[in-house]
2 protein chains.
Amino acid sequence: VTASVSSAALTRAELEHAAPRTVRMAVREGRWTTNTKRLALGFHQANVTILPKHLAFDFMRFCQRNPRALPILDVTDPGDPVPRIAAPDADIRVDIPSYCIYRDGKLVDRVRDLRDQWRSDHVAFLTGCNLSIDQVLLDAGIPFPHLVREDAFPAQYRSTLMCRPAGVFHSPVVVSYRPVPELLLLRVIELTSRFPLSHGAPIHVGDPVRIGIPDLAKVDWGRAPDEEPGTIPAFWACGITAQSAATTVGICEMITHAPGHMFVTDLPVSDRTLG
Amino acid sequence: VTASVSSAALTRAELEHAAPRTVRMAVREGRWTTNTKRLALGFHQANVTILPKHLAFDFMRFCQRNPRALPILDVTDPGDPVPRIAAPDADIRVDIPSYCIYRDGKLVDRVRDLRDQWRSDHVAFLTGCNLSIDQVLLDAGIPFPHLVREDAFPAQYRSTLMCRPAGVFHSPVVVSYRPVPELLLLRVIELTSRFPLSHGAPIHVGDPVRIGIPDLAKVDWGRAPDEEPGTIPAFWACGITAQSAATTVGICEMITHAPGHMFVTDLPVSDRTLG
């Protein structure tokens with residue numbers, strides 16, 4: 001990966017309250033190259049999963065049947081790089097800071113631009129992301145580490161919970177972890193349950209072993225969490241489940257955003273339903 | 001259509017508070033053959049659209065982009081007649097009182113059983129329906145004609161509002177009409193907006209001419225409404241939009257429920273989101 005950062009790189013603070021389009025332009029111009037947490041607060045950030053058309057209907061049913069992990073925000077027409085509902089002036093090939101390319105279920109490359117990869121049979125799925133509700137959590141004073149410390153980022157784990165299969169797709173549910181201060185647990189469940197397009201309520205609270213995570217330090221994606229005394233572990237279904245499906249099944253080709261490097265949409269989080 | 005009503009035909013009152021499975025069995029056994037309004041109150045009733053697999057991904061995007069008209073409840077695997085999320089012990093080929101068969105965009109037959117029609121490439125889409133929230137409206141004392149008079153049924157019209165297209169599918173939005181007593185209008189909007197899987201809030205309130213309906217007496221589906229002094233016309237997006245798309249586009253094959261003759265699912269309306 002060649003870092004083509006222009007001289008005018010931006011800070012996270014500068015993009016926190018920026019319009020989604022401003023963030024996308026900063027990404028496109030190489031002025032933002034890292035994860036998108038706290039950017040364009042109040043707008044949906046999306047997981048992106050690009051598949052050849054012959055797998056698209058199976059994957060769309062997989063999303064529909066597993067809406068906690070893969071709540072659909074938008075699906076492009078084959079060959080169209082524009083997510084016309086979620087961001088009609090965007091280009092999915094250049095507006096994400098970093099992409100992962102999976103072939104036959106293996107991560108084979110990370111790239112910063114998809115223009116050389118894009119084909120007329122490619123379909124892009126945009127699905128919801130927890131980072132979308134950071135503004136809601138900030139407003140409510142929920143001190144999640146990734147919100148209060150620049151170097152923190154939620155950790156993700158492959159759980160032993162299983163997705164409902166669809167066509168060729170099956171996978172464990174990937175979960176993202178946040179430590180919740182005991183006295184805030186009910187509030188966090190209540191708040192997050194209101195946002196089903198951003199994974200909704202936790203799918204597990206309490207002992208991580210119950211969902212097949214013996215050691216929180218051994219993350220599958222993201223950064224290993226610090227110990228947080230006085231907190232209860234809470235887990236939300238996570239969009240990385242798509243990438244887990246690629247590796248579980250050995251999908252011939254899947255291109256995704258790199259974990260944490262999301263596509264910033266124009267969809268306001270405050271509008272709880274689509275359409 | 002041969003009416004194969006068994007001797008033990010049931011009354012609407014007997015099935016109002018029945019379990020969804022009981023209603024489906026009554027349909028399957030020919031003991032319920034007419035529209036499903038007020039049956040299994042509190043559970044989602046679904047529009048059903050059956051298409052050959054080669055049209056399924058286009059249609060699923062059409063639903064996704066037009067969630068007011070076509071909110072997806074479940075999509076079956078090709079060839080599988082069981083809607084495994086919405087009603088895992090049901091059979092979509094025999095559990096609907098009446099089916100419409102469209103070929104090349106024309107309604108060519110109405111049948112009571114799909115076992116002779118069903119193929120291994122058929123995919124069934126279940127989408128939400130206004131009738132699903134009749135219990136909510138009854139509890140709130142909203143006196144819609146179809147709820148208080150046995151012979152009344154909502155009227156539907158092809159509007160001049162347009163769906164977002166997807167692949168081969170495009171269509172005007174079909175709307176269903178209800179006359180709302182003036183003093184209840186805000187309450188009705190508030191109540192219905194809470195149920196996006198059942199078409200949510202009205203998409204138009206007031207003069208029908210504004211959405212291309214010059215004469216409420218000339219219905220496209222359902223029954224012509226009586227004049228209702230002191231009411232305001234309200235229109236909701238309607239699942240018949242799928243059938244309108246079949247005729248607008250000239251779709252080679254589409255099989256649907258007959259309007260008003262819905263598939264009764266096991267999904268409780270009180271659970272506002274899927275998954």
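Which residues lie nearest the centre of the largest pocket? In this predicted model, they are A:Leu197, A:Thr273, B:Pro196, B:Leu197 and B:Thr273, out of a lining of 35 residues. As for elements, α3 (53-65) of chain A and α3 of chain B are the ones that give two or more residues to that lining.

There's a second largest pocket to look at as well. Closest to its centre are A:Gly275, B:Arg65, B:Pro67, B:Arg68 and B:Arg164. Here β11 (263-268) of chain A and β6 (155-162) of chain B each supply at least two lining residues.

| Pocket | Volume | Lining residues by class |
|---|---|---|
| Largest | about 1,000 Å³ | 17 nonpolar, 10 polar, 8 charged |

Now for the interface. On chain B, 25 residues are in contact with 25 residues of chain A, and the area buried between the two chains is about 2,000 Å², with carbon and sulfur atoms giving 63% of it. Three residues stand out: B:Phe57, B:Met60 and B:Gln64 supply 31% of what chain B buries against chain A, more than any other three.

On the polar side, the rule finds 8 residue pairs in polar contact across the interface, and 4 salt bridges. One of the salt bridges joins the side chains of B:Arg65 and A:Asp77, at 2.9 Å from N to O. B:Arg65 also turned up above, among the residues closest to the centre of the second largest pocket.

Which element gives the most to the side of chain B that touches chain A? That's α3(B), with 6 residues. By class, this side of chain B has 14 nonpolar, 5 polar and 6 charged residues.

Note on methods
Residues are numbered from 1 along each chain as its sequence is written. Chains are lettered from A and ligands numbered from 1 in the order in which they are written. This is a predicted model: local features need pLDDT of at least 70, side-chain atom pairs count only at pLDDT 80 or more; totals for chains, interfaces and linings use all residues. Side-chain values use heavy atoms; hydrogens and water are left out. Contact means heavy atoms within 4.5 Å. Buried area is the accessible area (1.4 Å probe) that two parts lose on being put together, summed over both. A polar contact is a pair of N or O atoms within 3.5 Å; within protein, one must be able to donate a hydrogen and the other to accept it, and residues adjacent in sequence count only if both atoms are side-chain atoms. Helices (H or I, at least four residues) and strands (E, at least two) are DSSP runs, numbered from the N terminus. Ala, Val, Leu, Ile, Met, Phe, Trp, Tyr, Cys and Pro count as nonpolar, Asp, Glu, Lys and Arg as charged, and the others, Gly among them, as polar. On a 1 Å grid over the protein atoms alone, a cavity is a set of points where a 1.4 Å probe fits but cannot get out, and a pocket is an open set with protein on both sides within 12 Å along at least five of seven lines; lining residues have an atom within 4 Å of a point. Grid points are joined across faces, edges and corners, and a volume is the space filled by probe spheres set on the points.
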